[in-house]
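Hi there,

Here is the structure I promised to pass on. Have a look at it first, and my notes on what turned up follow below.

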Amino acid sequence: MPGLLKTDKIESRTYQEVIAASASSSNTLVVLPTGLGKTVIAAMVASMKLEEGKVLFMAPTRPLVEQHLKSFNSFLKVPEEEMSIMTGKTRPDKRYEMWETDRVFFGTPQVVENDLISGKVPLDEFSLVIFDEAHRASGDYSYNFISEKFSCQKLALTASPGGSKEKIMEVAENLEIENFEVRTEDDPDVEPYIQDKEVEWRKVELDDRFQKAKNDFEDAKRTQLKKLKKLGQINSVSNVHKGDLLKLRGQISAEMSKKDDPKLYKAISVVAACLKISQAIELLETQGVSQCYEYVQGLETDDSKAASRALNDKNFMEGKAMIEYLMKKDIEHPKLGELKKILEMEEDEKAIVFTEYRASAKKIAEKLGEKGIDATRFIGQQGEEGMSQTEQIDVLSQFDQGEYQVLVSTSVGEEGLDIPAVDYVVFYEPVASGIRDIQRSGRTGRQEEGAVIVLMAENTRDEGSYWSAHHKKKKMNRVLQELKNETLEQKGKNRSLDEFNGSKKQSGEEEDKKDKLEIYADDRENTVAKHLSRKDVIVNKQRLDVGDFLVSDRTAIERKAAEDLVDSILDNRLFNQLNEITQFEQPVIIVEGKELYSHRDVHPDAIRGALASITVDYNIPILWSDGEKETAELLESLAKREQEEKNREISVRGEKSPKTRRELQEFVVAGIPDINTKIARRLLEEFGSIEEVFNASEEELKEVKGIGEKTSKSIRSIIEEEYS
């Protein structure tokens, strides 16, 4: 619906119009360099699709969501009250109402996923779903599940889809992409809008004291590697990197699940010690003294055998002593001195400094402040020191308005920030990821010329990371050129959009005719809930005081990962949970995974004794599951048996108060003996209010399906009987 576009607010660019026209009729992945207006293209497509239905625009973080809402407000002639933000800050009952009434939605994928699982999104009313930063659609990311649920048209946006054709095709398959619109900086229709971006790398040299501490740590690591070689886990102590150690740890864990061998327990402890020493080396090489010092100090309060192995090593202790000396002398990494030189900017210039670690962001901002440079941190939400989404939005606004000259950001600032006047992007350390390198670099040169400067410590892992990202970017560009020249082959499962929509709608219509199974899931059980939702089970997510899932009024299920079962035996949580769940007539335990006897150094007899107690003393059956998908299948079977074969209904009592007025009314009526939630709904639909339900006669009550003479008498008796 082009009439909805505010054409005076959008600069006319031919490539945007061509891409929008192409994306208006098929599921499309748009790959476009940063700063070239992917949001404008999304608005153009949305203006056409709003004629057919609602539009959903998703982005990974709330600041990005807020940013896209602001852009759409300026690009589209849609009243502000018809555009809604759907994030965790919006109460669920309010979101459920907004899904029904509004037209354009901007949300984080986790919140949209939760509302889809709960069945609160009117899927058939949507004509377009937009996935920003679409390269995230791999593994088990929320975008994949959301794409499965929506049968409408899809638009995916990214500047960096992946380093290989396999990765790009994984994203395309997960989002059901049929059409590719790819532009690179060399394309003639895009080139006029590309700003010059100078890329420079500056090497710094570690002085002798840094080198001494590094050598001591490396000697300590070599000592542990020799032990691994002696145990037969590695063939050589040379060129064993962090990735190799992580892979080895996984292999040893897999072996431990099959056999009880003391050598394996020792080996995995030695691998853990190597990883801890490797982390100290990495922090010293790439970040500086403060970060390495804090990490090493933390090992002293770490009660693991791995930490003890590191701290008891003579070479490690010598390296630690040198770090402590440098700390007392207030000597930091030489990168800081080079950074201060780089940021001797004009008053109206701005810069973003990217670093991997929060501690580094804090230290860099402090040191720049001492130099008289207005700098502030921009970090993620996790942990005690994390920034809330409101704080993130405020910081970006202050930076945009010139209150700060430098933004020191962790990875949270790599994607999608619309800060047009950034003159410099500085990598405090190179990143090995081609995608992240592109995202970081894209923060400058968006509307004006910019510079990218990469700091590298000589003869350290910095150099390896830089060249790794360089080669990955070259490979990605080759793959993108291939995609531009190829036509995506249609496969059996990649039908046309019309066929796909038709089959899904038909399937949905058939399912609507059936009575669906219903399961209550604790709101922390997200992955299993997704598997249930894929099976078209109605999943009611809420915080459950007892159990993780409810499949009927009498059957509650406690789900335990095998590792957590062992941990809960050791800290006595298990038997408290068993006492709580036995308030249900038929409780069930599902144990998930195979790490029961290898997770902790616990004698197998102790674990078997706990399992025997669960079954014999508490009379609770134990079901075994290979993983989350099989757990969902077991829950579906339990729900079928209870709800279809036994005709039992779910009646949740004792949890926190229901959130909506409707749920509260159902909750009150379902509190009557022999009345479950489904019958409570029927009563309220029949009589219109709680008052009228309570005023109904026995004869009137019996007219409601599921209420016979005995139940109607019981209801009247409870209502009329005098309280004593």
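**What I found**

E133 sits in the loop that links β5 (126-131) to α6 (142-149); helices (H or I, at least four residues) and strands (E, at least two) are DSSP runs, numbered from the N terminus. Before going further, a word on the source: this is a predicted model, in which local features need pLDDT of at least 70, side-chain atom pairs count only at pLDDT 80 or more, and totals for chains, interfaces and linings use all residues. Residues are numbered from 1 along each chain as its sequence is written, and side-chain values use heavy atoms, with hydrogens and water left out.

Back to E133. Its phi is near 50°, a positive value in a residue other than glycine. Most residues other than glycine have a negative phi. E133 is also buried, at a relative accessible area of 6% (buried means under 20% relative accessible area, exposed over 50%, partly exposed in between, with a 1.4 Å probe and protein chains only). N572 is not a glycine either, and has a positive phi of about 70°. You will find N572 in the loop between α21 (562-570) and α22 (573-581), where it counts as partly exposed, at 49% relative accessibility.

**The overall picture**

The protein has 29 helices and 19 strands. Of its 724 residues, 50% are buried. Taking contacts (heavy atoms within 4.5 Å) between residues at least 6 apart in sequence, 72% join residues at least 24 apart.

**Cores**

The largest nonpolar core has 51 residues, and L56, F150, L175 and L532 touch the most other members. Helix α24 (residues 628-645) gives the most to this core, with 4 residues. Such a core is a set of buried Ala, Val, Leu, Ile, Met, Phe, Trp, Tyr and Cys residues joined through side-chain atoms within 4.5 Å. In soluble globular proteins, nonpolar side chains tend to be buried together. What does L56 contact, leaving aside its neighbours within four places in sequence? The list is W99, F105, V112, F126, L128, V129, I130 and F150.

**Helix pairs**

Axes here are lines fitted to C-alpha atoms, for helices over the stretch in contact, and angles run from 0 to 180 degrees between N-to-C directions.

Helix α8 (residues 208-230) packs against helix α13 (residues 314-328) at an angle of about 155°, and their axes are 7 Å apart. That makes α8 roughly antiparallel to α13 (angles under 35 degrees count as roughly parallel, over 145 as roughly antiparallel, 65 to 115 as roughly perpendicular and the rest as oblique). Their crossing is left-handed, a term used if the near helix is turned anticlockwise from the far one by less than a right angle, with right-handed if clockwise. Residues making the contact include F210, A213 and F217 of α8 and F316, M322 and I323 of α13. By class, the contact of α8 with α13 has 9 nonpolar, 3 polar and 6 charged residues; Ala, Val, Leu, Ile, Met, Phe, Trp, Tyr, Cys and Pro count as nonpolar, Asp, Glu, Lys and Arg as charged, and the others, Gly among them, as polar.

For helix α10 (residues 262-286) and helix α11 (residues 289-299), the axes come within 8 Å and cross at roughly 160°. That makes α10 roughly antiparallel to α11, and this crossing is left-handed. K276, Q279, A280, L283 and L284 of α10 meet Q291, C292, Y295, V296 and L299 of α11. The contact of α10 with α11 divides into 7 nonpolar, 2 polar and 1 charged residues.

Helix α4 (residues 92-101) and helix α5 (residues 109-117) pack at about 85°, with axes 11 Å apart. That makes α4 roughly perpendicular to α5. R95, Y96 and W99 of α4 make the contact with V111, V112 and D115 of α5.

**Two more spots**

S409 belongs to strand β11 (residues 406-409) and is buried, with a relative accessible area of 1%. Not counting residues up to four places away in sequence, S409 touches I352, V353, F354, T355 and F378. G380, in the loop between β10 (375-378) and α16 (389-400), counts as buried at 14% relative accessibility. The C-alpha atoms of G380 and T61 are separated by 9.8 Å, although these residues are 319 apart along the chain.

Best wishes
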